[in-house]
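Take a look at the model below. We will go through its pockets one at a time.

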Amino acid sequence: MTVRNETVLIVEDDTQIRNFIAHTIKQEGFSYQTAGTAQQAMSVLVSSKIDLMLLDLGLPDFDGMEVIEEVRGWSEIPIIVVSARDQDKEKAAALDAGADDYLTKPFSATELMARIRVAIRHLYKTAKTQSQPEISVGELSIDLEKRQVLLKGTPLHVTPMEYNLLSLFFKNIGKVLTTQYILKEIYGVGYGTDTQALRALMAGLRRKIEPIPAKPRYIMTEIGVGYRLVDE
Ligand code: CA
């Protein structure tokens with residue numbers, strides 16, 4: 001077992017689930033702290049060094065959504081929502097409020113660890129991205145300084161909008177971006193709800209970057225929520 005430096009805060013009022021999560025992440029070498037209420041979570045967050053938070057939404061004192069909003073006021077730590085709420089609009093709302101990922105109960109230990117690893121990698125990549133203009137996922141790369149997209153090392157012609165869309169994904173590798181968030185980032189304020197335009201833009205981009213556009217390997221559709229650039 002590799003001993004890791006990261007400490008995970010598990011916010012969950014169900015003892016059984018909390019123990020299951022604690023056991024799982026301990027086996028992977030992570031340290032952890034636990035909280036059974038939103039207020040406990042807040043006090044751990046301000047008093048300890050926490051690197052990632054797993055957050056249940058249905059807490060006895062406050063709703064987890066309020067925790068996300070509160071924490072995002074002063075911290076950028078990865079937040080993975082772990083909830084029984086499985087409605088797409090609830091997932092999207094949590095992501096829009098600032099959660100990094102969303103896991104629906106029931107889930108397996110493997111699924112949980114995969115999400116945690118992506119979030120942790122993302123944490124370190126953000127720092128790296130600032131000094132490295134070129135980022136790659138598989139055979140697809142982007143040069144943020146030259147504003148160039150490369151596939152298998154060959155420059156790819158993309159429109160300025162396609163470039164903006166792809167660079168947004170590369171700045172958020174492994175993270176689910178909601179349709180609403182993408183629209184705001186790509187089209188700016190007053191973007192409305194033109195999801196049709198985004199779908200068309202996405203289809204065009206996929207035709208250029210995906211070996212089989214109907215079975216994407218780079219940009220995945222998170223049905224009803226948004227899209228995610230895979231983290232390989
Ligand atoms: Ca709960």
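Which element gives the most to the lining of the largest pocket? Keep that question in mind while we look at the pocket itself. This is a predicted model.

The largest pocket has a volume of about 460 Å³. Its lining is made of 23 residues. Find E76, G98, D100, N172 and K175: these lie closest to the pocket's centre. Now turn to the elements. Those that give two or more residues to this lining are α4 (88-97), α5 (109-131), β10 (176-178) and α7 (179-187). The answer to our question is α5, which gives four residues.

What classes of residue make up the lining of the largest pocket? Ten are nonpolar, six are polar and seven are charged. Next, check the domains. Domain 1 (7-125) and domain 2 (133-229) each supply at least three residues to the lining of the largest pocket.

Move on to the second largest pocket. Its space comes to about 160 Å³. Here 13 residues form the lining. Nearest the centre are K91, Y102, T104, R115 and E222. Which of the elements has the largest share of the lining of the second largest pocket? That is β5, with four residues.

The classes in the second largest pocket are six nonpolar residues, one polar and six charged. Both domains take part here too: at least three lining residues come from domain 1 (7-125), and at least three from domain 2 (133-229).

Key. Residues are numbered from 1 along each chain as its sequence is written. This is a predicted model: local features need pLDDT of at least 70, side-chain atom pairs count only at pLDDT 80 or more; totals for chains, interfaces and linings use all residues. Side-chain values use heavy atoms; hydrogens and water are left out. On a 1 Å grid over the protein atoms alone, a cavity is a set of points where a 1.4 Å probe fits but cannot get out, and a pocket is an open set with protein on both sides within 12 Å along at least five of seven lines; lining residues have an atom within 4 Å of a point. Grid points are joined across faces, edges and corners, and a volume is the space filled by probe spheres set on the points. Ala, Val, Leu, Ile, Met, Phe, Trp, Tyr, Cys and Pro count as nonpolar, Asp, Glu, Lys and Arg as charged, and the others, Gly among them, as polar. Domain bounds come from an automatic or database domain assignment.
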